Amino acid sequence: MAEQSGQDPSARGKIAATISEISAERRWFTFMRLSFSGVCLTWLLLVVWAIPGGPIADMVPDYSASAVLGLLLALVAVCGTVGFMFLWRPTFKDDSIQDFVHVLLGGGLLLRRRGQFKARLAAECRRAKSDEVNVFSLIVLKLAEPALANDQAANRRFGGKLAALWARSVARADDIVGDAAEDEIWILARGASELGRDIITARLAAQLSSADVLPSFEGAMMGAVTFGESGQAAKTLLKVASERLVSPSKLAGQQAA
């Protein structure tokens with residue numbers, strides 16, 4: 001069994017739960033995209049109806065019937081928009097309009113694409129600059145190429161996202177996880193100051209250094225920075241975090257000291 005997965009049952013269970021959550025999120029966002037398309041189509045039909053001599057006027061020449069059709073389209077468009085905002089606003093309460101657009105274009109929130117994560121990181125930087133209460137830390141996990149090559153079979157079973165799924169399964173609920181590349185994972189730890197960052201990285205480092213760690217994490221490196229202490233721009237924070245990469249065991253030792 002160890003040869004097949006390289007994980008203990010608890011780790012497998014966490015990743016399985018994360019996969020279920022991501023699958024549920026995908027179904028929910030598919031419904032969101034369909035409902036958004038429906039609302040947009042209704043508004044489009046209303047605009048076409050309002051065009052004098054337009055195609056709808058040709059199809060419904062009777063004034064009374066046309067007025068009733070216009071009223072129905074207006075009611076559906078307005079009620080659909082209000083309903084859509086009421087239903088979906090809670091899902092994006094802490095996210096920007098850019099995050100919403102990313103999701104409309106096929107992205108997710110539990111596991112974010114590289115560009116999607118960068119956009120959110122830049123937004124968090126802007127928030128932190130305007131409000132000192134907002135603080136966050138950034139953690140970069142770099143995987144070793146030899147370990148990835150040895151673990152291709154297990155990684156393929158998880159769509160090439162085994163490491164990202166593990167990171168999502170162990171990260172805090174409010175943390176943002178980015179699948180930056182095949183060999184790199186980013187974690188945005190919201191609300192984590194330097195002290196909070198040390199606690200989080202020590203916990204991650206302890207898990208990465210344990211005997212039950214996933215095979216693809218052998219030789220992995222980790223670096224962490226905090227907004228303000230290491231810079232105030234997204235590019236700077238990513239650069240500094242990448243420059244601070246050390247082995248998890250060493251990082252755990254540093255935090256313990």
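**Pockets in a predicted model**

By class, the second largest pocket is lined by 5 nonpolar, 3 polar and 7 charged residues (Ala, Val, Leu, Ile, Met, Phe, Trp, Tyr, Cys and Pro count as nonpolar, Asp, Glu, Lys and Arg as charged, and the others, Gly among them, as polar). This is a predicted model, where local features need pLDDT of at least 70 and side-chain atom pairs pLDDT 80 or more, while totals for chains, interfaces and linings use all residues. Numbering runs from 1 along each chain as its sequence is written, and side-chain values use heavy atoms, with hydrogens and water left out.

**Second largest pocket**
- A pocket here is an open set of points on a 1 Å grid over the protein atoms alone, where a 1.4 Å probe fits, with protein on both sides within 12 Å along at least five of seven lines; lining residues have an atom within 4 Å of a point.
- This one holds about 240 Å³, the space filled by probe spheres set on the points, which are joined across faces, edges and corners.
- Of its 15 lining residues, Arg26, Gly106, Gly107, Gly108 and Leu111 sit nearest the centre.
- α2 supplies the largest share, 5 residues.

**Largest pocket**
- Its space comes to about 370 Å³.
- The lining has 18 residues, with Thr91, Asp95, Leu109, Arg112 and Ala173 nearest the centre.
- By class, that's 7 nonpolar, 1 polar and 10 charged.
- Helix α2 (residues 9-50) gives the most here too, with 3 residues.

**Whole chain**
- The protein chain has 12 helices and 5 strands (DSSP runs numbered from the N terminus: H or I of at least four residues, E of at least two).
- Of its 257 residues, 41% are buried, meaning under 20% relative accessible area with a 1.4 Å probe, protein chains only.

Key: Buried means under 20% relative accessible area, exposed over 50%, partly exposed in between (1.4 Å probe, protein chains only).
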